[in-house]
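Try each task yourself before you read its solution.

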Amino acid sequence: MADKKSKKKPTLKDQISDLNNQVNDEKDKFLRLFAEFENYRKRTSKERLDLFKTASQELMTALLPISDDMDRALIEFKKTKNKDLIKGFELIYSKFYEILKSKGLTQMEVNKGDKFDAESHEAITQIKADKPKNKGKIVDVIEKGYKLGDKILRYPKVVVAN
C-alpha cells in the first residue's frame with residue numbers, strides 16, 4: 001500500500017500545466033521552423049535573382065564588342081551618300097540599343113573636358129596638358145563604358161592631360 005501512495009495520481013491542475021508546457025514547446029518549435037523556412041525562402045530568392053543578373057551580365061559583356069563595331073560602322077555609313085543604307089542601319093542600330101537598354105545596360109556619359117576620376121574611368125595614356133587648367137581632365141574617349149544596373153561592366157577608356 002505504501003507503493004500506491006508514492007505513485008500519487010497527478011491532479012487535474014498538474015495535467016493542465018504539463019499540457020500547457022508541451023503546447024508552448026511545440027509552439028516554440030513551430031515558430032523556429034517557420035523562421036528557418038522564411039530565411040531559406042529569402043536566401044534562395046536572392047540567389048535566383050543573383051543568378052539572373054550574372055547570366056545577363058555575361059551576355060551583355062559578350063555583346064559589348066559588337067556594340068563597338070556597330071558604332072564604328074555607323075560612323076562609316078554616315079560618310080557615304082546612300083541615305084537608304086544609312087537609314088536602314090540606323091534602324092537596326094536603334095533596335096539593338098533599345099533592347100540592351102531594356103535589359104538594364106546603360107552607357108556611361110564621358111565627354112572631353114570632364115574631370116578624370118580613377119573610380120569610374122580607365123586612363124590608358126596621359127599626354128602633356130596644353131594649358132594648366134586642363135590638367136587632370138579627359139582629352140579623348142577611346143572606348144565607351146557601360147553599366148548594368150549599378151554595376152560597371154566596362155570602364156570607359158580615356159586619355160588624360162597631365
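Predicted model: local features only at pLDDT ≥ 70, side-chain atom pairs only at ≥ 80, totals over all residues.

**Exercise 1. Work out the strand order of the open sheet of three strands.**

Step 1: Start with strand β6, residues 157-161, and look for its partners. β2 pairs with β6 in the parallel sense, over five bridges.

Step 2: Now turn to strand β3, residues 138-143. β3 and β6 run antiparallel and are joined by four bridges.

Step 3: The order is β2-β6-β3, and the pairing is mixed. β2 and β3 are the edge strands, as each pairs on one side only. On average, neighbouring strands of this sheet are turned by 25° against each other, direction ignored.

As background, strands of a sheet pair through backbone hydrogen bonds, either parallel or antiparallel.

**Exercise 2. Find the residues of β6 that stand opposite E122, T125 and D140.**

Step 1: Take E122, whose bridge partner in β6 is K157.

Step 2: Move on to T125, which stands opposite V159 in β6.

Step 3: Finish with D140, whose bridge partner in β6 is V159.

Step 4: β6 is mostly covered, with four of its five residues buried.

**Exercise 3. Decide whether H121 is buried or exposed.**

Step 1: Locate the residue. H121 lies in the loop between β1 (105-107) and β2 (122-127).

Step 2: Compare its area with the cut-off. Buried means under 20% relative accessible area. H121 has 11%, so H121 is buried.

Step 3: See what surrounds the residue. Leaving out residues up to four places away in sequence, H121 touches V110, K115, F116, I138, Y155, P156 and V158.

**Exercise 4. Describe the largest nonpolar core and name the elements that give two or more residues to it.**

Step 1: Begin with the core itself. The largest nonpolar core has 14 residues, and those with the most contacts inside it are M60, Y93, Y97, L100, L105 and L153.

Step 2: Name the elements. Two or more residues come from each of α2 (12-78), α3 (83-102) and β4 (146-148).

Step 3: Zoom in on one member. L100 touches M60, L63 and L105, again without residues up to four places away in sequence.

Step 4: In soluble globular proteins, nonpolar side chains tend to be buried together.

Definitions and conventions. Residues numbered from 1 in each chain as written. Heavy atoms only, no water. Core = buried A, V, L, I, M, F, W, Y, C linked by side-chain atoms within 4.5 Å. Buried < 20%, exposed > 50% of the residue type's maximum accessible area, 1.4 Å probe, protein only. Contact = heavy atoms within 4.5 Å. Pairing = 2+ DSSP bridges. Axes fitted to C-alpha atoms, helices over the stretch in contact; angles between N-to-C directions.
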